Amino acid sequence: MTAKIMIVDDEMMIRKYYVMLLESKGYTTLEAANGYEALEKILIDPCDVLMVDINMPKMDGLTMVKEIRSRDGFHHLPVIMISAEEGDADKDSAFEHGVSIYLQKPVKADLLLQSVAQLLIK
Amino acid sequence: MPLYQWGKSSLSLGSTHSCTGNRCDDLIKDAESADPARRRQAALDLAYCRNGKRVLPEIVLKERHVAVRETMFDSLLHLVDAAMVERLLPMLRSNDAMLRNGAIELFQQIPELFAPHVSGLLADDDSDVRIFTINVIQHLHHTMVPSWLLEVIRHDRHVNVVAAALNALADFARPNMVGDLLAVKKRFEDQPYLHFAVDTVMSRTKRGVAIDATGITDSEFESFRDLFYARTGILFKENKRYFVDKRLIDRIHKTGHQSFADYFRYVRLAESAHEFQILTNVMTVNETYFFRDDGHFKAMVHSMLDQIVANKRKGEMIRIWSVPSSTGEEPYSIALYLLEYWPKLSDWNVQIIASDINTEVLERCNKGIYSKHALRFVPQPLVRKYFAELANGEYQINLALRKSVNFFLGSILDAKYQADVQHVDIIFCRNLLIYFDDVSRKQAVETLYGLLNPGGFVLLGSMESMSRISSRFQIQKIDSSLVYQKGLV
Ligand SMILES: C[S@@+](CC[C@H](N)C(=O)[O-])C[C@H]1O[C@@H](n2cnc3c(N)ncnc32)[C@H](O)[C@@H]1O
């Protein structure tokens, strides 16, 4: 069974980029354009790793992670949080929310793949 | 107590006059109460209070409750003006994502007010602010959007900002952008993601090649503009070019024509009335909502109708016309105000008629189904009284109300009206003349003048004014609203 990665980002182009990278390594992917959509999809179709952009309209990344974490079965879901923002403010609150790995945009392809692989081993 | 007692007996008069000192203070206290329900009600009422403009931008910063904050943003949208935009701009710098998103959504809905700030914001030192600005403009209905985005990909040095702009540009991709796109790859040689993004946008411009083969040239645009103007009175200026071209190209494709020339020949035929109607439907802007510029409705029930009935015999007909009706929120708001707030309604026979040139919106008028958003300024008790919530979360206005308004198709510039609509007492002609040029504005207003009863009123949208169009009317100020009256003799 290949691992399934869910990508949540409001920018369509970024999702396509991650999909391309991840699928080239044989992962299955699932996309959502915002937190609400992600919540709906993930409850029906659980994934192994969640990649979330911190800055999204409607429901931002942190709120979304908090929401998902509060559901049964999702307490320990590994989360990669991605942010375009500079500085450590986001990073700190991300870790407080139990985010596993925090990446800065633009994300380097090898770093992304490495992070996903690392979370799947755990 | 909340400011408004939505019931006939205690409706207070006029929007800015509705709160006296004490009540205003109560409202401000309520806005800081520990009870979210109270705060939410206060946020709603502040939209109608003269303190709202001052207080709301402050309290929204402190609000933590999601639903209350949303309500505050709705009320801010109701009150927003150029000065307030200045005060709200710093929200784009906030670390509070929810607040920032609220501001972004609000800005997206006020293109004219936000546009003057775009260049400045795109030159901001903080790259995050530039990104959030792009988040606003990518959903802004403004003709400058593609040029703003192109500026960003030409000059911005920050990868993430350029990435956001490329993402937004995907929707506007055109072959003439290829040079700028390729330049991005050069400028950011070691950024694989940007290369990917550029390729994605480029593939879209290629898909657009078929369109461009039928490309709308300047003179073609002009011939379409002239035809559309002659038939509707709506004049597309050069700055509506993107909007118009996009829709035209879509119709050319959907009707299977090979070029603009083919399509245009077809549209001009008398037998193509149906296609012209579809063009009209896609080219018109139908934005509207319940209780928009509610000062007019209040002026109607508190003053205009009383002035009108003073010159009528009991039982005589009063006729109110909403033109353009768009999707029906305006004529139904008139009906709701009459039912709720005009105590003399039972003594008179009131007819509400409503018309538009867009057949699609008229169908929606007849169905009377609205989103929660369209109803955002209708007090809950009225929603409960007159609407049924549907399974999908939308609301349908009740049958009696749907029957109370007569909808019909027609252009305000069409002489045919002279026969169909006559002896009107109040005409709501709001947010239509802005799409016209001076000649059609004058013609429209002359028509309205002719159809009005002596002593009848015309109301225009808040951005429109009669002064440059016609001097035939007398201006009356009722509370904070201007209304235009035809002389009695
Ligand atoms: C922005 S809406 C205004 C709706 C409403 N009166 C309001 O103020 O909220 C403009 C409407 O004008 C209609 N319209 C445009 N040209 C027209 C014309 N010549 N005659 C009648 N309606 C027209 C459009 O179809 C559109 O629904």
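Biologist: Before anything else, what does buried mean here?
Modeller: A residue is buried when its relative accessible area is under 20%, exposed when over 50%, and partly exposed in between, computed with a 1.4 Å probe on protein chains only. By that rule, 54% of the 122 residues of chain A count as buried.

Biologist: And where do the coordinates come from?
Modeller: This is a predicted model, in which local features need pLDDT of at least 70 and side-chain atom pairs count only at pLDDT 80 or more, while totals for chains, interfaces and linings use all residues. Residues are numbered from 1 along each chain as its sequence is written, chains are lettered from A and ligands numbered from 1 in the order in which they are written, and side-chain values use heavy atoms, with hydrogens and water left out.

Biologist: How many helices and strands does chain A have?
Modeller: Chain A has 5 helices and 5 strands, which are DSSP runs numbered from the N terminus (H or I over at least four residues for helices, E over at least two for strands). From the N terminus on, they run β-α-β-α-β-α-β-α-β-α.

Biologist: Switching to the interface, how many residues does the contact take from chain B and from chain A?
Modeller: Chain B gives 25 residues and chain A gives 17 residues, where contact means heavy atoms within 4.5 Å. On the chain B side, B:N167, B:Y193 and B:F196 lose the most area to chain A, together 30% of what that side buries.

Biologist: What area do the two chains bury between them?
Modeller: About 1,900 Å², 54% of it on carbon and sulfur atoms; buried area is the accessible area (1.4 Å probe) that two parts lose on being put together, summed over both.

Biologist: How many salt bridges between chain B and chain A?
Modeller: The count is 0, taking a salt bridge as a side-chain nitrogen of Lys or Arg within 4 Å of a carboxyl oxygen of Asp or Glu.

Biologist: Which element gives the most to the side of chain B that touches chain A?
Modeller: That is α12(B), with 7 residues.

Biologist: Last topic, which residues touch the most other members of the largest nonpolar core?
Modeller: Among its 94 residues they are A:Y18, B:F107 and B:L166, a nonpolar core being a set of buried Ala, Val, Leu, Ile, Met, Phe, Trp, Tyr and Cys residues joined through side-chain atoms within 4.5 Å. α10(B) gives the most to this core, with 9 residues. Apart from it lies another core, of 48 residues, including B:F297 and B:Y341.
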